[in-house]
Amino acid sequence: MTTKQCTALASLACLLVSAPALADCTISAEGLSFGQYDVFDESPTEGVGNLTVSCTPSTSYTVLLSAGTGSYTERYLTGDQSTLIYNLYIDAAYSQVWGDGSGVSTVVSGTTDGAANHDLYGRIPARQNVTPGLYTDTITVTVEF
């Protein structure tokens, strides 16, 4: 049996947008690693990351994600010779694409006086014929408060 595997990683960069002068928010994001992707596996490859929003005083916020490479319908992890389709979701059921709130994507909103953690679910559909290698995409995380 031949196995073709690659390593996939979606990295996250952060941007803060503030309105009220009295509010202060920070965000931290960890990259989401899918680990090894096996092109012969019948199941999708999944990973979970985390975003933490910290605000003082009690502040309402919205977290938006860029489309990265691709669109909110299909994001792309790119390698040297191939591209893997993937997407990011707000729920473990992989039913709501996390994006900017336009079209097919939704955003995460909340209010916190301290830290609020948000899981970020990623999924690469099964059976994509790609060459072995490292696949990456960069997503910009924006927090509006």
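1. Accessible areas here come from the Shrake-Rupley method with a 1.4 Å probe, and for residues only the protein chains shown count as cover. On that basis the protein exposes about 7,000 Å², of which carbon and sulfur atoms supply 48%.

2. A word on the source: this is a predicted model, where local features need pLDDT of at least 70, side-chain atom pairs count only at pLDDT 80 or more, and totals for chains, interfaces and linings use all residues. Residues are numbered from 1 along each chain as its sequence is written, and side-chain values use heavy atoms, with hydrogens and water left out.

3. You will find 0 helices and 10 strands in the protein. Both kinds of element are DSSP runs numbered from the N terminus: helices are H or I with at least four residues, strands are E with at least two.

4. Of the 145 residues, 40% are buried; buried means under 20% relative accessible area, exposed over 50%, and partly exposed in between, with a 1.4 Å probe and protein chains only. Take contacts (heavy atoms within 4.5 Å) between residues at least 6 apart in sequence: 75% of these join residues at least 24 apart.

5. Do look at strand E4 (residues 45–65), where Pro-57 sits. The peptide bond leading from Thr-56 to Pro-57 is cis, with omega near -20°.

6. Tyr-94 lies in the loop between strand E6 (83–89) and strand E7 (97–98). Its phi is positive, near 55°, in a residue other than glycine. Tyr-94 is buried, at a relative accessible area of 14%.

7. Arg-127, in the loop between strand E9 (108–124) and strand E10 (134–144), also has a positive phi, near 60°. Arg-127 counts as partly exposed, at 48% relative accessibility.
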